Amino acid sequence: MINPGINRFCDVAVVGGGPAGLAAAVYLSRFLRSVLLFDAGDGRAELIPKTHNCPGFPDGVSGKDLLARLRAQATAYGTEIVAAGVKSLTAQPGAFVLATGAGHVHASRVVLATGVVDRAPAMHGLRKAIAAGIVRLCPVCDAYEVQGQRIAVVGPERSALKEALYLRHYSRDICIICNYPEDISGSTRAKADAAGIAVRDFVDDLVLRNSGLDLVMADGSTERIDVLYTAMGCDVRSELAMEVGAHCDEDGYILVGPHAQTSIEGVYAVGDVAKALNQIAVGFGQAALASTHIHNAMLAERAGSRCEKEPEAHHQSPNPRPGG
Ligand SMILES: Cc1cc2nc3c(=O)[nH]c(=O)nc-3n(C[C@H](O)[C@H](O)[C@H](O)COP(=O)(O)OP(=O)(O)OC[C@H]3O[C@@H](n4cnc5c(N)ncnc54)[C@H](O)[C@@H]3O)c2cc1C
């Protein structure tokens with residue numbers, strides 16, 4: 001634990017201890033860089049009951065288990081993990097300064113891996129429903145697991161339709177749900193109808209059951225479904241990037257280059273917070289790219305400063321090397 005009020009220095013500060021931040025820490029520590037990783041906890045990966053598309057786990061792996069493995073791997077190579085949030089990030093001459101819940105840190109480079117927060121409908125037992133796979137947030141992740149099931153989709157009409165059409169590939173029993181008929185336009189209804197997707201109006205409540213969920217209609221009737229997908233978008237945790245002036249898109253995703261570098265030199269963004277597909281495997285890839293770029297840039301920086309110093313060193317050396 002960093003002592004509050006004490007300044008610490010490191011080569012790289014990683015903000016966020018989800019799969020992407022931890023993967024970056026593994027790479028950077030193996031490049032013999034000093035790494036401090038800050039994590040506020042409660043990331044998206046912790047919600048995953050079991051992922052079946054994470055390469056290397058043929059029987060699947062829970063989010064918690066995956067994180068525990070990554071933490072063990074990062075710390076084994078020297079990453080120091082600090083359970084604290086980073087409150088601000090500023091660029092100062094020669095270093096980035098992070099104000100954290102555990103003191104100030106000066107870092108030569110920063111990797112932002114702060115993730116996103118899913119928006120979800122207000123319902124009792126939401127976390128339990130996610131853990132049971134009854135409420136799901138990511139069809140790319142797990143539509144395979146719900147083949148042939150009764151699926152409802154909730155969200156603003158455009159994204160709900162898009163997600164329902166995606167899921168239609170996996171099941172014939174799909175509906176889009178809404179509170180009021182005016183929530184879904186005629187053209188969306190027509191497109192849904194053409195694809196064999198129903199629209200349920202007047203859904204007043206969602207009640208979790210042991211093996212599914214009841215849609216409770218305004219007239220009190222219920223309809224049982226197996227799975228609810230939310231297509232409600234998410235809030236991107238890019239405040240630190242914005243604070244330091246990095247470019248983001250209109251949704252708040254951090255824009256990155258081919259090495260996951262942001263528009264601010266020395267600041268990188270990996271995982272869900274960076275604009276790309278929100279998947280663990282993508283975060284791993286970005287982490288590898290960012291870490292290698294950081295390491296090479298720091299090597300080049302060091303070689304450059306050596307070259308600059310070299311003539312002076314020769315000039316002052318009382319014992320020139322033979323042949324030098
Ligand atoms: C229910 C569910 C199922 C999913 N299933 C799959 C799947 O099967 N396959 C797949 O590839 N993906 C899946 N995903 C998506 C996957 O979880 C994300 O793509 C992945 O977790 C992104 O990793 P990350 O490191 O970018 O962010 P996260 O895992 O969200 O971690 C971000 C971390 O940053 C920390 N943080 C944020 N701000 C700060 C700050 N200021 N200071 C310090 N720490 C901070 C948070 O506390 C958090 O721990 C699923 C997501 C959900 C919700």
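This is a predicted model: local features need pLDDT of at least 70, side-chain atom pairs count only at pLDDT 80 or more; totals for chains, interfaces and linings use all residues.

Q: Fine by me. Which domains is the protein divided into?

A: Domain 1 covers 8-117 + 234-310, and domain 2 covers 120-230.

Q: And how many Å separate their centres?

A: The centres of domain 1 and domain 2 are 34 Å apart, taken over C-alpha atoms. Where they touch, domain 1 puts in 7 residues and domain 2 puts in 8 residues.

Q: What area do domain 1 and domain 2 bury between them?

A: About 680 Å², with 54% of that on carbon and sulfur atoms. On the domain 1 side, the residues losing the most area to domain 2 are Leu 47, Pro 49 and Gln 279, which together make up 51% of what that side buries.

Q: How many salt bridges cross that interface?

A: The rule finds 1 salt bridge between domain 1 and domain 2. There is also a count of 1 residue pair in polar contact between the two domains, with both residues at pLDDT 80 or more. Sorted by class, the side of domain 1 touching domain 2 has 2 nonpolar, 3 polar and 2 charged residues.

Q: Ok, what does Asp 42 form a salt bridge with?

A: Asp 42 pairs with Arg 127, and their closest N and O atoms are 3.3 Å apart.

Q: Zooming out, how many salt bridges does a search of the whole structure find?

A: It finds 15 salt bridges. As a reminder, side chains of opposite charge can pair when their charged atoms come close.

Q: What about Glu 301, which residue does its side chain meet in a salt bridge?

A: Arg 109, at 2.8 Å from N to O. This pair links distant parts of the chain: Glu 301 sits in helix α8 (residues 280-316) and Arg 109 in strand β6 (residues 103-112), 192 residues apart.

Q: Is Arg 109 buried or exposed?

A: Buried, since its relative accessible area is 9%.

Q: Then which residue does Asp 142 form a salt bridge with?

A: Arg 136, with the closest N and O atoms 3.3 Å apart. Asp 142 is buried at 14% relative accessible area, and Arg 136 is buried at 16%.

Q: Which residues are linked in a network of salt bridges?

A: Arg 44, Asp 118 and Asp 272 are linked that way.

Q: Switching topic: where is Asp 214 found?

A: In strand β13 (residues 212-217). Asp 214 is buried, with a relative accessible area of 7%, and its side chain makes a polar contact of 2.9 Å with that of Arg 209.

Q: Leaving aside its neighbours within four places in sequence, what is Asp 214 in contact with?

A: Leaving those aside, Asp 214 touches Asp 205, Leu 206, Val 207, Arg 209, Thr 222, Glu 223 and Arg 224.

Q: Now Thr 100. Which backbone oxygen does its side chain reach?

A: That of Gly 103, at 2.7 Å. A polar atom of the Thr 100 side chain also lies 2.8 Å from the backbone nitrogen of Ala 102.

Q: And which strand is Thr 100 found in?

A: Strand β5 (residues 95-100). Thr 100 counts as buried, at 8% relative accessibility. Leaving aside neighbours within four places in sequence, its contacts are Phe 38, Gly 85, Val 86, Lys 87 and Val 105.

Q: Last one: where is Gly 43 found?

A: Gly 43 is in the loop between β2 (35-38) and α2, and it counts as partly exposed at 25% relative accessibility. Gly 43 and Pro 258 are 215 residues apart in sequence and 25 Å apart in space, C-alpha to C-alpha.

Notes:
Residues are numbered from 1 along each chain as its sequence is written. Side-chain values use heavy atoms; hydrogens and water are left out. Domain bounds come from an automatic or database domain assignment. Contact means heavy atoms within 4.5 Å. Buried area is the accessible area (1.4 Å probe) that two parts lose on being put together, summed over both. A salt bridge is a side-chain nitrogen of Lys or Arg within 4 Å of a carboxyl oxygen of Asp or Glu. A polar contact is a pair of N or O atoms within 3.5 Å; within protein, one must be able to donate a hydrogen and the other to accept it, and residues adjacent in sequence count only if both atoms are side-chain atoms. Ala, Val, Leu, Ile, Met, Phe, Trp, Tyr, Cys and Pro count as nonpolar, Asp, Glu, Lys and Arg as charged, and the others, Gly among them, as polar. Helices (H or I, at least four residues) and strands (E, at least two) are DSSP runs, numbered from the N terminus. Buried means under 20% relative accessible area, exposed over 50%, partly exposed in between (1.4 Å probe, protein chains only).
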